[in-house]
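Biologist: I would like to learn how to read this model. Take me through it feature by feature, please.

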Amino acid sequence: MYKQMKATVKVVFRTEMVFRMNFIFLFFGLPLKILISWVLWDFVIGTSASFNGLTRNQILVFVAFTSFLNYLYDSNTLLSILQHKLINGGAVSDLTLPISLHRKEIFGSWGTFILYAISGLITLSAIIIVGNIEIHLNFAKIIILVVITLINTVLQYYVVSIIASLSVLIGRVDDIKYLLLNVLEFFGGMIIPLAIFPASTRFMLYLNPISSVIDFPASILITETLDLTVIAIRFLIQLLWLVILMQINNRIWKISRDRFTAPGE
């Protein structure tokens, strides 16, 4: 398993370095996205020192970190790749061994993870220094963030994989699938921190699997004092979704494989 993971990460990393030498987009696209998001939030907040319980700095860091996570996971690109394999026959051999395919895609995402992490950390560090923003970090918080982020690479993959497999069951229907993914991301904290929503609806939003991917780690980063009870609940939700989605994914990919046909098969 370790050798397979190491080899896949290395190949994808080298491929990214060769075919994605557009570092101007990589290193300036993320800061530009953060800047636009912050300008919009700055307009919403106005002259207020806080907004619905969050300070200006907390919102800025949240927007920056969620933009960073959006780059790391790159759900739209992953959906496009998986859907393309299913529709155009690229998954003929892979579909005979769906578990190997999933491992390959998950480990492959760790290759791009390295490049995007470098760009994102540079951007976040620059914002913190220029904005003179105080970040409350300790060893425990760093470990929690690293563990959650790595688990989310698998969780996010299974969410996108299930949506992509609908290509075989219901047809291409790109707009519907991308809309579904965008709605999950919106109510998962991609644009608006879930802490801003009323407490009565916040827990329901926590049940969205994408909230574990986006809002959960970002909320931990901007929180001064960790609420271990909330973290435990959200971590349990994350693990439950991981188990549920793995089972659904295996089932729906089996159905997709049985219905898949291609010339020469």
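**Cavity, core and one buried glutamine**

Modeller: There is one cavity of 30 Å³ or more in the structure. A cavity is a set of points, on a 1 Å grid over the protein atoms alone, where a 1.4 Å probe fits but cannot get out. Points are joined across faces, edges and corners, and the volume is the space filled by probe spheres set on them. This is a predicted model: local features need pLDDT of at least 70, side-chain atom pairs count only at pLDDT 80 or more, and totals for chains, interfaces and linings use all residues. Residues are numbered from 1 along each chain as its sequence is written, and side-chain values use heavy atoms, leaving out hydrogens and water.

Biologist: How confident is the predictor in the chain?

Modeller: Read pLDDT, the predictor's confidence in each residue, from 0 to 100. The chain has a mean of 75, with 69% of its residues at 70 or more. Helix H1 (residues 2–19) has the lowest confidence, a mean of 56, and H9 the highest, 91. Helices are DSSP runs (H or I, at least four residues), numbered from the N terminus.

Biologist: Back to the largest cavity. Which residues line it?

Modeller: Lining residues have an atom within 4 Å of a point. Here they include Leu69, Asn70, Tyr73, Gln156, Glu185, Ile210 and Val213. H3 and H9 each give two or more residues to this lining. The largest share, three residues, comes from H3. The space inside is about 40 Å³.

Biologist: What about the largest nonpolar core: which residues touch the most other members?

Modeller: In soluble globular proteins, nonpolar side chains tend to be buried together. A nonpolar core joins buried Ala, Val, Leu, Ile, Met, Phe, Trp, Tyr and Cys residues through side-chain atoms within 4.5 Å. Buried means under 20% relative accessible area, with a 1.4 Å probe and protein chains only. The largest core has 52 residues, and Trp41, Ile59 and Phe65 touch the most other members. Helix H3 (56–73) is among the elements giving two or more residues, as are helix H5 (98–130) and helix H10 (215–222). H3 supplies the largest share, twelve residues.

Biologist: What does Phe65 touch beyond four places away in sequence?

Modeller: Contact means heavy atoms within 4.5 Å. Phe65 touches Leu124, Pro217, Ala218 and Leu221. Another core, of five residues, lies apart from the largest one; Phe197 and Ile237 are among its members.

Biologist: Is Gln58 buried or exposed?

Modeller: Gln58, in helix H3, counts as buried because its relative accessibility is 16%. Its side chain reaches the backbone oxygen of Ile222 at 3.0 Å. Beyond four places in sequence, Gln58 touches Gly53 and Ile222.

Definitions and conventions. Buried means under 20% relative accessible area, exposed over 50%, partly exposed in between (1.4 Å probe, protein chains only). A polar contact is a pair of N or O atoms within 3.5 Å; within protein, one must be able to donate a hydrogen and the other to accept it, and residues adjacent in sequence count only if both atoms are side-chain atoms. On a 1 Å grid over the protein atoms alone, a cavity is a set of points where a 1.4 Å probe fits but cannot get out, and a pocket is an open set with protein on both sides within 12 Å along at least five of seven lines; lining residues have an atom within 4 Å of a point.
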